[in-house]
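Hi,

Here is the structure we talked about, sequence and coordinates together.

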Protein chains: 8
Amino acid sequence: MASNKQLRDLVEQVARGELDVATAHSRLLDAFRAQPFEDLGFARVDHHRAIRQGFPEVVLGLGKTPAQTAAIAAEIAARGSTLLVTRASPAAFDAVRERLPDATYYPDASIITLSQEDVARGHGTIVIAAAGTSDMPVAEEAARTAELMGNDVCRLYDVGVAGIHRLLGERERLASARVIIAVAGMEGALPSVISGLVSVPVIAVPTSIGYGASFNGLAALLGMLNSCASGVSVVNIDNGFGAANIASLINHL
Amino acid sequence: MASNKQLRDLVEQVARGELDVATAHSRLLDAFRAQPFEDLGFARVDHHRAIRQGFPEVVLGLGKTPAQTAAIAAEIAARGSTLLVTRASPAAFDAVRERLPDATYYPDASIITLSQEDVARGHGTIVIAAAGTSDMPVAEEAARTAELMGNDVCRLYDVGVAGIHRLLGERERLASARVIIAVAGMEGALPSVISGLVSVPVIAVPTSIGYGASFNGLAALLGMLNSCASGVSVVNIDNGFGAANIASLINHL
Amino acid sequence: MASNKQLRDLVEQVARGELDVATAHSRLLDAFRAQPFEDLGFARVDHHRAIRQGFPEVVLGLGKTPAQTAAIAAEIAARGSTLLVTRASPAAFDAVRERLPDATYYPDASIITLSQEDVARGHGTIVIAAAGTSDMPVAEEAARTAELMGNDVCRLYDVGVAGIHRLLGERERLASARVIIAVAGMEGALPSVISGLVSVPVIAVPTSIGYGASFNGLAALLGMLNSCASGVSVVNIDNGFGAANIASLINHL
Amino acid sequence: MASNKQLRDLVEQVARGELDVATAHSRLLDAFRAQPFEDLGFARVDHHRAIRQGFPEVVLGLGKTPAQTAAIAAEIAARGSTLLVTRASPAAFDAVRERLPDATYYPDASIITLSQEDVARGHGTIVIAAAGTSDMPVAEEAARTAELMGNDVCRLYDVGVAGIHRLLGERERLASARVIIAVAGMEGALPSVISGLVSVPVIAVPTSIGYGASFNGLAALLGMLNSCASGVSVVNIDNGFGAANIASLINHL
Amino acid sequence: MASNKQLRDLVEQVARGELDVATAHSRLLDAFRAQPFEDLGFARVDHHRAIRQGFPEVVLGLGKTPAQTAAIAAEIAARGSTLLVTRASPAAFDAVRERLPDATYYPDASIITLSQEDVARGHGTIVIAAAGTSDMPVAEEAARTAELMGNDVCRLYDVGVAGIHRLLGERERLASARVIIAVAGMEGALPSVISGLVSVPVIAVPTSIGYGASFNGLAALLGMLNSCASGVSVVNIDNGFGAANIASLINHL
Amino acid sequence: MASNKQLRDLVEQVARGELDVATAHSRLLDAFRAQPFEDLGFARVDHHRAIRQGFPEVVLGLGKTPAQTAAIAAEIAARGSTLLVTRASPAAFDAVRERLPDATYYPDASIITLSQEDVARGHGTIVIAAAGTSDMPVAEEAARTAELMGNDVCRLYDVGVAGIHRLLGERERLASARVIIAVAGMEGALPSVISGLVSVPVIAVPTSIGYGASFNGLAALLGMLNSCASGVSVVNIDNGFGAANIASLINHL
Amino acid sequence: MASNKQLRDLVEQVARGELDVATAHSRLLDAFRAQPFEDLGFARVDHHRAIRQGFPEVVLGLGKTPAQTAAIAAEIAARGSTLLVTRASPAAFDAVRERLPDATYYPDASIITLSQEDVARGHGTIVIAAAGTSDMPVAEEAARTAELMGNDVCRLYDVGVAGIHRLLGERERLASARVIIAVAGMEGALPSVISGLVSVPVIAVPTSIGYGASFNGLAALLGMLNSCASGVSVVNIDNGFGAANIASLINHL
Amino acid sequence: MASNKQLRDLVEQVARGELDVATAHSRLLDAFRAQPFEDLGFARVDHHRAIRQGFPEVVLGLGKTPAQTAAIAAEIAARGSTLLVTRASPAAFDAVRERLPDATYYPDASIITLSQEDVARGHGTIVIAAAGTSDMPVAEEAARTAELMGNDVCRLYDVGVAGIHRLLGERERLASARVIIAVAGMEGALPSVISGLVSVPVIAVPTSIGYGASFNGLAALLGMLNSCASGVSVVNIDNGFGAANIASLINHL
């Protein structure tokens, strides 16, 4: 993890006699061993992530106790990084707020944030289209995430394919997108139709909305994976955050 | 299965002394025992089906030997009924043709027919829409079946949702249908979009066309069952015959 | 979405000099853009649906908050349309009733309705057969929906195939139907047997009733899709509403 | 595996001085070690099975080479036991016949037999009902097995539930059974209806007959496991042999 | 459903002039129409079941409201039939007890009973073997059912195959059975091992006991269906009642 | 589909009297009806696709007869468009070559191409990483597609995660990518590890390589959908073409 | 279960006249019948297990009532054996503590223990690596179990593959292990990567951590079974105890 | 990958002026970049694997062309490493033999080997138990692999649980094992029973042997994962090689 330049500098210092062998050797070993993360015992907070990946580590609230979530959140915020906790329960927010009073909670997206750094702005607009009202929590997770990551977001909700005119009526806004996130449960046909109308990448998010043979989103997932439109890639069921992260990566290229 | 009138006639004949007790008793028992089918040992050919269900028994070729198929076909034809064999291999047709030289084979529908009776005409047109070229064998099974059952058929092929303008360009023909059969593999979104455009029943036929996560038609099947459009009912994967039979029932109401 | 006549009128007005070019052009563009729905932000209420599909938009209560359900219901009712909310919880009804005091709740069908328009009457009777007592909530969802859509409904409950005489005893009523809805959980064999007895379309509704290897209705669903009777089409597990909607479409042909 | 009496005899012989300690000890150890089977390296032929289970070991041909099948068959026949090989290919039969010229092959049941012992006769009749013509190979595997095991067999083929009168017309024969085997593919509803008509155990055999959502017999299997009739137990898909074996056990009680 | 003798009597009465034609005709039609059940609206209680199947109709409590359960129970008891309700909650028992104060509840089997008739005794003993302590509720459902149906029952609990000596230590009791019910969750191997030790039918009951890849009993179910022992048939997951009913049928042959 | 300008021109012509009402009206209707595709009966070739989506329609060879493939290919080539047929068998190529002698076949990618137009160049490099040698056909489908669509491609094959040093040794090349396609079968872990090393979008392609519990790619598919790295989106199993198309869309932004 | 020596002694005693025939016979029979367990009715506590398997019987708390758990625990402790109850709820611990006041509860591992015997120490260290914070409960179940069984344990938590440097930074500790337990949910790639870095057995534990297409651990399970690294074997989802038991067996070899 | 000592030496050389800065820097970078494998374009042959993992890289023949297999095999053999190709077809062996005439093919294990190095001997015996004759190909893959890796192997074939005495008769040999591989298809119960008899690790290998509801080994796999015996870990269906590799790792500890 030592940079090219650091290695050369070290060698030059040794050559110039400014650095003794033992110290140089030790520093080289340190460079190999350096851990760019903080070990909390139950979690290793990754402080180099913003450098490596363009955005600080994001905390998945699911499966963590409020106390664990709060400890990780505090560690991230202490380094001055922007905080993003997804799938956060109100109880988790209560625990976070005790340590970080300025944190914000978006209940319809189940997201906790604390904006601390200038985030680079994306180049275009991310359109987030959702098939039904019930898909909104997932769509909002995507929308809030994308906004926090520096993107302009345009929301098109309740534009499912059974009333195709609703979608066709928004063609202009679809055409204005640099990348589109299409959120749908049930049969999950929205991304196919959208992808046929535009020439930008479509990130499909199946949702667990539905009943019976929707099998908690499996039907929508399979539908999207089998899209006859070739510009569609898919993320996990209900993974609004992941779709937004990918869309943001694309929008920042 | 004796009719109301037959029962009364019998009783009256006894009362009038025209029929002795033993004979009457015996006829009553016979009426209970009468089997409206021919037992071939490996198959029971149902000769009352046209009366009960409006069309003679249809033979599913799948899983039968050519000899079995031919024997059943001959039995049906011998009663003057129209013959329809689905999922018929060329070998099955060869065996049938030996017994029924006038039978016809439609290889792109894998159907053997022999028209022998006046079939009642349906009231309107059955539109058969297929998403892709590869769905044609299933669509043709539906189309040939529907035609044989006395229906006008309109074929709309390669109108998948990824190029929605292809479908929208056929709105008029869709609007002219009394019932629509929508055939699609992959994500199976076609019936949802069609159902949103019309006010007639849509029979959805998932096909096994696709690969990978299509799981031999499972993705299309689940998509159709979860249709967000409420006028869609579904038949088994690749069951073009079943869809046509239901559409014909509806078209003859 | 502009009608043929509207287009001709416009052109004639321009030809007669009654309409200037800019205005005509603008109107033409407007016609392309007109949205036949109300955008509530989280939902787009479709006010043209009754025209397009013969019945106003129906609200699926599942996955919507009571507040969202009530807002959509109020929007529909405000236009004088008949209201139908399915999968409605008592809490949703409370929210709806605050805005629409005349709304009615059927707890055994989980349906909210408010009848406001003359609905066209269907031509015949829809028989709704249910295999067991536990299938009643789904059967009632179908029955209430069908009635609200203007159909005569005949209920045959607890006629499962393990006691086939119960079903055979109702042959006459089955024979009187124009279309039949067959509701069953567990092995889901009811539609096959019924379809063999009649010559009208049978809409099969698998229910999630059962345990163990019923896998929440999967067994019944697969059974119905594989029906050896060729007049059966299938809707999603527990989708009583969908079956009734299709049956009503057929009954109004 | 030494019997109670053998143990007592041995002890008495020692007590009477007729047997020295070393020999007695050795015999006791032998009794523990005795293997009631022949080890062919790739197979251990169980020669005590007829004693323990009432019928000699049966060979499942599936997954064995013709040479392996023939070697096991020869080993069984050499002890004078009746031979039964199921799922036997013609090639396997050729290999067996070279060693056992008197063996018989039933191609429609894929069974090789060589009858060598008096088999105890069962008490009643086993009725084997099959839903369709395509289910015959499985039904015949059951029928041939049951006959070889000493049972009277009554075959009722092509009595599927979609034409319920075919089955009802055979009520008398069903009523005469001591145990019934019901063979069906597709939706697998036959056992439920039969079980409702009789008061004897019904062994259900799902078959892999069908296509699409039959998923190679899964639909029929699930249907039978979820039978609403309480006298139905189920064996593996296409397992005609197993059903016959159980039916024979019951018929010999 | 009129008997042979009733038909002959009727005809003779007409022949002797003792019965006029209209009455005779009417009686014949009545005989066809007679329903051997009571229609409660939501349920049809089958009063001929004890005659047809050897035991009165059994009520599956699952999916019924306490009020529905109590109404059906009262109807059955009113005819003097023995009552058996399975999957009965304490609330259901409270409702039943209000109408039938003599009813008994077995909480570890979730069964309500009211013994009212002499039940014919079975010929032998039904051994009920359960793999683990957690399988007891299902095993007890089977045991209580079998006892109520007139069978001697021998319970062998916690004899799973991972400690094979526990099972081998009970060989004698296994050998004494006329039919065996083997109850197991997790990998469900118990029936295979037992069936190899005995020569009587084994009814296997998979249970939903387990976690992770047991998938609520699916692993046990598949294991039992694939038993390499040929005397095993299988019922639905957790279906202790069904297994007992079949075992009782066999034990009464 | 008439453009804004065309509509205005038409109106102006009418206003200036240069166009009579009947003709204008007829042209307007024509504009609505114009189909931007060629109907071959079994296929509708989309000639506007290059305009709408940036690349001409691509032909999926799977499920089409060689004759159908050749007819569609000829139709596309006749318009001067670049031809791309995926999943093409050698027989399909033979049929295409008869009509288009200049077409090229890449057997390790199962792709037929005929380059006819200047394709816009993408901005950066698409790295295609494949886990194992067996994944090469899918990786090559992606690589050939991406190259034909105007992208620089860098192939990194046999860099699976079980020998992580192989992948880490290519870090520099990974870092140079604008977008990465990660192809893997078996457990499908490659995209997760790669995504953790870079800050660009990763398109994951599960392959059907594997055996047993790989279930034809299902294991890899699920693994990729559940990636703990947040920059991964997924396409269908073996869908190298789809991944390349999306990557190309991103690379052309 | 009588030992070789016991048998010889008995025979010698008979030969010497020190033991009469009846007693000797009886003892021989007893030796066959002796049950090395205590039958509590609902459970058979295995007191020979420590001898046979190296550690006393372990109690799976899941599916047992607190009273049952406590009774079994008391029975084990009464013999002086070390107690281990897994999947123990706080209520179960309350019941156990009443009988065994010295028992300890580890809530983050859901384990109750009571150490009573010297357990043999394993030879090396068991490293337990967990991919994420949410996997800790399973990892702790493994860690506590391994420690109680006499092993040195090294915990490496939150070392998932999406941040591969976290894992590579622990290479030294991984290299020091005699056997490794790798715990991961979601895509479950951790064991593959670890196994590629070391030359010791890796026991993989999929966890139910994740959402959507993780299907409660199925994705991780399939990923681990399909590991491209050949040193990985797998236990059931969330089965930390099983992994620790196997690792301990290996570490004690 | 440069060693600690190499780094120190380099630094010392620089300090002593024996090495100039540019060369030292370049060597350091080289050390980081060194690839311990040979890149064949379609494969990267890992020559450090024997050092890292105790045995040279093993080639999975599945999915590779004979030419690819032969090229990789030649590369491995050229370095003097022992060659092991699994899942090798006869065609693959023909291709390998052309380059490596001394290679050996085991057709019943589908394995190609070429022994070239002294392999360290394992400490004990690996017992390989297989349930049925049909499981032999998988068992032999395990046996040949284990032998090639330096282990003593004891084969116990056809010891399935339905004839438990076959297995119990081999208790002594089971007891002599240091690690056991248990191979079984169908219900896969063998490992559970074996694990209850011994105190060493059991590696379970499900096979695809079976039919119907075995679902190509899924039933056996689930059974093994749910083993009630706690010493069982599992590998992929039919993965005899993997089981042998793990057993060998354990046997060499």
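Let me start with the interface: 28 residues of chain F are in contact with 28 residues of chain A. Bear in mind that this is a predicted model. Putting the two chains together buries about 2500 Å² between chain F and chain A, and carbon and sulfur atoms give 55% of that area. How many salt bridges are there between chain F and chain A? The count for that pair is zero.

Next, a helix pair inside the chains. In chain F, the axes of helix H6 (residues 136-148) and helix H11 (residues 240-252) come within 7 Å and cross at roughly 35 degrees. The H6(F)/H11(F) crossing is right-handed. On the H6(F) side the contact involves F:Val138, F:Glu141, F:Ala142, F:Thr145 and F:Ala146, and they meet F:Gly240, F:Phe241 and F:Ala244 of H11(F). By type, the residues of this contact are five nonpolar, two polar and one charged.

Chain A has its own version. Helix H6 (residues 136-148) and helix H11 (residues 240-251) of chain A have axes that come within 7 Å, crossing at roughly 35 degrees. H6(A) passes H11(A) with a right-handed crossing. Here A:Val138, A:Glu141, A:Ala142, A:Thr145 and A:Ala146 from H6(A) meet A:Gly240, A:Phe241 and A:Ala244 from H11(A). The residues of the H6(A) contact with H11(A) split into five nonpolar, two polar and one charged.

And chain E: the axes of its helix H6 (residues 136-148) and helix H11 (residues 240-252) come within 7 Å and cross at roughly 35 degrees. Is the crossing of H6(E) and H11(E) left-handed or right-handed? It is right-handed. H6(E) contributes E:Val138, E:Glu141, E:Ala142, E:Thr145 and E:Ala146 to the contact, while H11(E) contributes E:Gly240, E:Phe241 and E:Ala244. Sorted by type, the residues of the H6(E) contact with H11(E) come out as five nonpolar, two polar and one charged.

Last, charges. Side chains of opposite charge can pair when their charged atoms come close. Searching the whole structure gives 96 salt bridges over all chains. One of interest for your side-chain work is in chain B, where B:Arg155 forms a salt bridge with B:Glu140 and the closest N and O atoms are 2.7 Å apart. That pair links distant parts of the chain: B:Arg155 sits in strand S8 (residues 152-157) and B:Glu140 in helix H6 (residues 136-148), 15 residues apart.

Cheers

Notes:
Residues numbered from 1 in each chain as written. Chains lettered and ligands numbered in written order. Predicted model: local features only at pLDDT ≥ 70, side-chain atom pairs only at ≥ 80, totals over all residues. Heavy atoms only, no water. Axes fitted to C-alpha atoms, helices over the stretch in contact; angles between N-to-C directions. Helix = DSSP H or I, 4+ residues; strand = E, 2+ residues; numbered from the N terminus. Left-handed = near helix turned anticlockwise from the far one by under 90°. Contact = heavy atoms within 4.5 Å. Nonpolar A, V, L, I, M, F, W, Y, C, P; charged D, E, K, R; others polar. Buried area = accessible area lost by both parts, 1.4 Å probe. Salt bridge = Lys/Arg side-chain N within 4 Å of Asp/Glu carboxyl O.
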